[in-house]
Amino acid sequence: MPNQNPYSILIVDDEPLIRKSLYEILKIAGFDTTTAVNAEEAAALFSNRSFDIVITDMKLPKMSGLELLGLIKKVSPVTEVILITGYGSIETAVDAMKNGAFDYVTKPIVDDEIKILIEKIIEKKCLMEENRNLRQLASKNKRSSFSGMIGSSILMQTVYNLVESVADTNATIMITGESGTGKGIAAKAIHQCDPKRRDKPFIEVSCGALSETLLESELFGHIKGAFTGAIKDKKGRFEIANTGTIFLDEINTCSPNLQVKLLRILQDGGFERVGDTQTLKTNARVIVATNQDLEKLVEEGSFREDLYYRVHVIPLMMPPLRERREDIPLLVKHFIAVSNKKNNKNITNIDDNVKNLFMDHPWPGNIRQLENIIEGAVIMSRKTVITKVDLPKNFEKIKTKTNTGSLQEELKEPAKEIILNALKDCHWNRSMAAVNLGINRTTLYNKMKKYGIPFKN
């Protein structure tokens, strides 16, 4: 840490040894450091000034550390609070994070652990300030594209600015958004904008596509003989991604066992290959993504609360296409150019009728659906301009469907017939059919198997 530091820290602990030890460590590091022996004294200090960071014991005489946390967040929401707790109170500390605490440390206190948490807080504060400044400039400096992402809307300017802000940091990023909104593209953009990592590996793992056993081996690797079929040692994705970036898509699908291992990775970078006892370390930057409400999954008990707070350091929300319709013309132009090159075609645009249809469409499959619709239309069109006849027959039918997926709505009708019609409309392009049905490819494949639909027409 630097010798001179503008950040102010308040230490609250009734144990003199801990209070004085932390004071000396942080004072030497250059922080403006103050101490208080109890919560009442700390509250009195806040009546005259504010602090950037508060480090407080959870168990204090009279007013507890949790009560102090609530008071601090009321009078100074931007102040970050680190809680000190005993092992028996970790569950309470996690609850405190839900109520606004930045993190917690357990006794006995490790000096480096406190320093690392403070560095993370400073990094977060710098990012927030930078992002505020960038948002103010967004309207003056609109960009129509950025690092593979397309769009000039205010929503996308916010995404671009946040990506730029967080790229050159070590912060864990959680990308949220509906299926097809471009979460993977955003993850790659963060990697590409990071000067330390852009030339290092970018490893993408779709957690929902593998069973628990396969996913564990894929993430952490295995040694020879760890299980049937493990004929040689294999490096895991975290090991391969070392010094680069690992992108964990659909993190909500991870089993409780894997969630524990991911929590450890995020805490200290440590892991073991399947079947091995040797601890390895990774310095990979972690980006996760989900199309589910993780907070709801935490409440339901299917996602660990402590893991949620570890991955939710910097949230990035990818907006659905229906909320940024002004970007549709730009996206159409881009996807036509890509499809022309891919299919050796020379389509120039869409006609006004198609443009109106696109602008009114709810786009349940978001950008991915638009991309597939455009590619299909480019292939089908006999002219240089895409017209309504080039679109899938069921395109307007899906117009009234909600984002929960049109297949679920249509299941009241014979499901096999619906799937067959969708496949025929898309000339048996399964990816396009899945998007038009509002489901993912894996679900479509499973339905095809269930109803005995061949994979070739």
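Biologist: What should the 13 residues of α1 span, and how far apart are its end C-alpha atoms?

Modeller: Take 1.5 Å times one less than the number of residues as the expected span. Helices here are DSSP runs of H or I with at least four residues, strands are runs of E with at least two, and both are numbered from the N terminus. For α1 the expectation is 18 Å, and its end C-alpha atoms sit 18 Å apart, so the two agree. Bear in mind that this is a predicted model: local features need pLDDT of at least 70, side-chain atom pairs count only at pLDDT 80 or more, and totals for chains, interfaces and linings use all residues. Residues are numbered from 1 along each chain as its sequence is written, and side-chain values use heavy atoms, leaving out hydrogens and water.

Biologist: Which residues of α1 are buried, and which exposed ones sit on the face turned away from them?

Modeller: Go by relative accessible area: buried is under 20%, exposed is over 50%, partly exposed is in between (1.4 Å probe, protein chains only). In α1, the buried set is Ile18, Arg19, Leu22, Ile25 and Leu26. They fall on the same side of α1 because their arc around the axis, taken from the directions from the axis to the C-beta atoms, is only 140°. The face turned away carries Leu17, Lys20, Glu24 and Ile28, which are exposed.

Biologist: And what does α1 pack on?

Modeller: Start with the sheet. Strands pair if DSSP finds at least two bridges between them. Five strands make an open, parallel sheet in the order β2-β1-β3-β4-β5. Its edges are β2 (32-36) and β5 (103-106), each pairing on one side only. Neighbouring strands are turned by 20° against each other on average, direction ignored. Helix α1 (residues 16-28) packs on this sheet and touches β1 (8-12), β2, β3 and β4, with its direction at about 170° to that of β2. Contact means heavy atoms within 4.5 Å. Axes are lines fitted to C-alpha atoms, for helices over the stretch in contact, and angles between N-to-C directions run from 0 to 180 degrees. Helix α2 (residues 39-46) lies across β1, β2 and β3, at about 135° to β2.

Biologist: Over how many bridges do β3 and β4 pair?

Modeller: Strand β3 (residues 53-57) and strand β4 (residues 80-85) pair over five bridges.

Biologist: Last one: which members of the largest nonpolar core touch the most others?

Modeller: A nonpolar core is a set of buried Ala, Val, Leu, Ile, Met, Phe, Trp, Tyr and Cys residues joined through side-chain atoms within 4.5 Å. Here the largest has 52 residues, and Leu219, Phe238, Ile246, Leu248 and Leu262 touch the most other members. Helix α10 (residues 256-268) gives the largest share, five residues. Setting aside neighbours within four places in sequence, Leu262 has contacts including Leu219, Phe238 and Leu307.
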